[in-house]
Amino acid sequence: MTDPNPNLDSALNNSFDNSLSNNSSTNTTPMPEVKNETSANQTLSEAAPTIHKSTSPETMPNISAETWQMAAKQAHALMDAVGRSVIGQRDIIEQLCICLIAGGHALIEGLPGLGKTLMVKAYAKAIGGIYHRVQFTPDLMPADITGHTLYDIQTGEWKVRRGPVFCNLLLADEINRASAKTQAALLEVMQEQQVTIEGTTYDVADPFITIATQNPLDHEGTYPLPEAQLDRFLFNILIDYPTEDNEALMLKTVLNGNIGATLDLSAVPQVMSPERLIKLQKLAAVVSLDDRVVSYALQITRMTRQHQGISIGAGPRGSIALLRAARAKALINGRHYVTPDDIVSVAGAVLRHRITLSPDYQIEGVRSEQVIQQVVSSVAAPRQ
């Protein structure tokens with residue numbers, strides 16, 4: 001693995017562990033003492049939920065500015081690695097990186113051939129871990145995703161064959177081509193990171209991220225995702241045509257001695273591990289949130305329920321998603337605090353799949369992005 005920040009793990013462990021010892025009187029749950037590198041990673045996992053309870057200065061981890069910069073450098077190294085295979089689409093690459101660091105799932109919409117699957121495969125290679133791809137089709141069954149039990153004649157016992165959801169990164173390709181029953185097989189694992197097979201619950205790997213793709217213009221033989229399924233995606237990412245220069249570069253790359261029309265992933269190095277990603281996620285979870293910033297995200301979400309062009313507004317999960325994504329955005333920029341601009345920058349991807357436009361707006365062809373922009377503009381941003 002090509003590691004751009006070999007000292008990031010120790011810096012994160014020291015920052016969290018020192019803060020826990022300094023703030024032991026304010027925490028209600030005692031934390032285990034760190035004795036070696038293995039226990040340090042375990043302590044970080046156990047400490048995060050307690051740290052996440054408060055973002056007040058008294059209980060915030062004492063994390064150095066250098067650690068935040070190292071984390072930002074790691075995130076940019078991850079995006080640069082993916083960019084070696086995916087030509088252009090830098091904003092899409094960043095949105096997907098935000099989603100990964102925030103620990104959320106992503107739904108990518110775009111026409112065929114725009115690099116949706118390629119981008120996910122590039123991220124899977126850059127991060128490492130276990131990667132599975134499921135091609136969703138009308139005949140796909142829930143057990144094909146979660147797993148099933150089978151009878152072993154030789155041993156005379158029932159055994160569990162685990163499905164492809166037991167991985168770190170799951171690509172649900174063309175998710176809207178499977179029936180609603182099959183789509184629902186992802187509801188539990190996306191929300192609770194567990195799978196129930198024949199009445200027995202099994203935990204999936206950590207981290208677990210689902211990235212789904214779909215063609216927004218292909219309606220024949222598809223099953224639109226229900227609101228409950230859509231709401232489990234942190235981001236709805238729209239990928240558009242590449243610029244003329246990027247498309248010209250793509251032609252040169254694909255036709256440069258390659259057989260077929262496949263872009264090569266061999267240039268993508270592994271710059272991270274699943275364990276490192278978990279630590280970045282935990283660091284993003286303690287990015288400081290000012291009360292005014294929290295109120296700003298809340299007002300934007302509540303305004304979607306009052307806007308005349310929206311018949312169904314975003315629920316409470318929309319506010320949570322805004323702040324989670326904004327924290328990851330701040331970390332990528334090397335900051336330990338969220339600004340209103342972070343909220344604005346992620347509002348489109350967070351809210352576009354959580355609102356339903358009114359019939360009048362749909363008839364007039366108004367896009368969700370336009371309405372979200374109106375909503376954001378109508379809420380005064382807190383300024384110092």
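A salt bridge here is a side-chain nitrogen of Lys or Arg within 4 Å of a carboxyl oxygen of Asp or Glu. The model is predicted, so local features need pLDDT of at least 70 and side-chain atom pairs count only at pLDDT 80 or more, while totals for chains, interfaces and linings use all residues. Residues are numbered from 1 along each chain as its sequence is written, and side-chain values use heavy atoms, leaving out hydrogens and water.

**View 1. R133 and D173 meet in a salt bridge.** Their side chains come to 2.7 Å, N to O. R133 sits in strand β2 (residues 131–135) and D173 in strand β5 (residues 169–173), so the pair ties together parts 40 residues apart in sequence. Helices (H or I, at least four residues) and strands (E, at least two) are DSSP runs, numbered from the N terminus. D173 is buried at 5% relative accessibility, whereas R133 is partly exposed at 44%. Buried means under 20% relative accessible area, exposed over 50%, and partly exposed in between (1.4 Å probe, protein chains only).

**View 2. D231, R317 and R354 are linked in a network of salt bridges.** Between the side chains of R317 and D231, the N to O distance is 2.9 Å. R317 belongs to helix α13 (residues 316–332) and D231 to the loop between α9 (227–230) and β9 (233–238), so this contact ties together parts 86 residues apart in sequence. With 18% relative accessibility, D231 counts as buried; R317, with 29%, is partly exposed.

**View 3. E369 forms a salt bridge with R352.** Their closest N and O atoms are 2.7 Å apart. R352 is buried at 15% relative accessibility, and E369 is partly exposed at 25%.
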